[in-house]
Amino acid sequence: MNSDELFLNEAFIKNPYPFYKDLRCQSKPLWLKAEPEIKTEGTWVFSKYKDVYEVFRQTENISKDINQVRAEDNKSIFDLNLLNMDGLKHTEHRKLLMQYFSAAKIELILPLLNKKIEELLSDMLKNKEFNFVSDFAEPLPIFVIGLIIGLPFDDLKIFRNTFNDFLNSIDRFQGKNDISYLKRIEFLNSFKSYLKVIIAQKKIDEGSLLSDLLGLQRKGNLSEDELMGMIFFLFFSGHETSISLISSLFYLLKKNPSQLESLKKNHELISSAIEEALRYESPLQRSSFRIVQNTIHINGFTVQNNQQIIALIGSANRDETVFVDPDVFDIARQNNPHLAFGFGIHNCFGRLLAVTEARLAILALINSDFNFELYECTPHWKKNSFVRSLESLMCRAT
Ligand code: HEM
């Protein structure tokens, strides 16, 4: 079977966890043969917690630079992002960008974030029926990342409509898909043109991430493509995963009314509830690109030169050797060393931002005195094996 048949079939999209469990029972990681768009031998897919942890921990003889193996006709500025950089270049770019996501920076945007939450809530709750994903979980992270980058919310909302196509085109297990690839380029180009216009019209907020990066570009420290690639990636990674976290947590709480009641009575449970949602329905189900240069060993398993490795985060976070009753959603779980944000030098520096957004959003929601119920028994998940996110979540007032 090819990767599409394994990872994109209906049963997997509905519930990937039984398949992951089968993988964890195998003595060897899963081998997937090479995809036409990437010139490597193929990919080892690791599913056990200890192996996933090790994939993230090891750096020696592992490169993240996809451009060295990506077929020429498949390259794009999206590949110029932090997750595809190695060594000093990665360290420098990471240092530059992560300061915009520090606790101090997040503190500064809290008043606007709270105001946006109130606005979205009151608009949404005016209706008898609403779609929690498109009415609340989507606009909030788009607003926040726009604020940090320095781009107007109304503009970014327009791009959201085409983001799903983009998301599918980078679902790497899908292999080369000409239609998706063309869409990806078309989308990147339209975003690039938009940024150019905004920059030319000097519509960028002073002190924002983009205005600072433009300063670096003027000094010759950043090429135009690097700048465009960076902004695109930050916008993408800064909102897609947070949408997933907010919608999944809300859904899981509604499906588990006694836990929702406990949270209403004790707001301090919100931190462990968020960590549990991150573990139970990890927004990123697997790691990004990694290729082995020279031989490496993952807990005794040998991986050869020019072979890719992928870590299944969604599987590691349900590993029964680490988590007690892994398939039970428990907002009071005590020992929860999940790997939803990765680990090691490429770990996620958006963690604090994502968790802050989810905390404020869910607390505001449960504090509102509006009663509503889900009216779809089985939710629809996006047809994507990389990001696990609800397509929609219809609710109605009771
Ligand atoms: C629930 C929300 C989020 C989840 C689950 C998540 C997950 C992850 C994971 C698993 C990685 C590591 C991937 C790998 O090593 O292959 C990562 C990296 C990264 N994330 Fe997040 N992320 C989230 C939110 C955010 C936000 C809000 C931002 C803000 C822009 C962000 C920006 C990044 C960046 C820039 C990297 C690359 C870091 C590097 O290569 O050094 N993420 N994220």
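**Close-up views of a predicted model**

**View 1. Lining of the second largest cavity.** The residues around this cavity comprise five nonpolar, four polar and two charged ones. The model is predicted. Lining residues are Phe-12, Ile-13, Pro-16, Gln-285, Trp-381, Lys-382, Asn-384, Ser-385, Val-387, Arg-388 and Ser-389. The volume of the second largest cavity is about 60 Å³. In total, the structure has three cavities of 30 Å³ or more.

**View 2. The largest cavity, with about 920 Å³ of space.** Its lining is made up of 45 residues, and those nearest the centre are Leu-83, Phe-233, Ser-237, Leu-284 and Cys-348. At least two lining residues come from each of α5 (87-98), α12 (224-255), β8 (308-311) and α16. Helix α12 gives the largest share, nine residues. Sorted by class, 26 residues of the lining are nonpolar, 14 are polar and five are charged.

**View 3. Cys-348 and the iron atom of the ligand.** The SG atom of Cys-348 is the single protein donor to the iron, at 2.3 Å. Cys-348 sits in the loop that lies between α15 (313-316) and α16 (351-367). This residue is also among those nearest the centre of the largest cavity.

**View 4. Helix α6, residues 103-125.** The 23 residues of α6 reach 31 Å from the first C-alpha to the last, close to the expected 33 Å. At Leu-110, shortly before the proline Pro-111, α6 has a kink of about 45 degrees. Buried residues of α6 are Ile-106, Ile-109, Leu-113, Lys-116, Ile-117, Leu-120, Leu-121, Met-124 and Leu-125. In an α-helix, residues three or four places apart point the same way, because there are 3.6 residues a turn.

Methods: Residues numbered from 1 in each chain as written. Predicted model: local features only at pLDDT ≥ 70, side-chain atom pairs only at ≥ 80, totals over all residues. Heavy atoms only, no water. Helix = DSSP H or I, 4+ residues; strand = E, 2+ residues; numbered from the N terminus. Expected span 1.5 Å × (residues − 1). Bend = angle between axes of the 7 residues up to and from the residue. Buried < 20%, exposed > 50% of the residue type's maximum accessible area, 1.4 Å probe, protein only. Donors = N, O, S within 2.8 Å, 3.2 Å for Na, K, Ca; no water. 1 Å grid on protein atoms, 1.4 Å probe; cavity = no way out; pocket = protein on both sides within 12 Å on 5 of 7 lines; lining within 4 Å. Points joined across faces, edges and corners; volume = space filled by probe spheres on them. Nonpolar A, V, L, I, M, F, W, Y, C, P; charged D, E, K, R; others polar.
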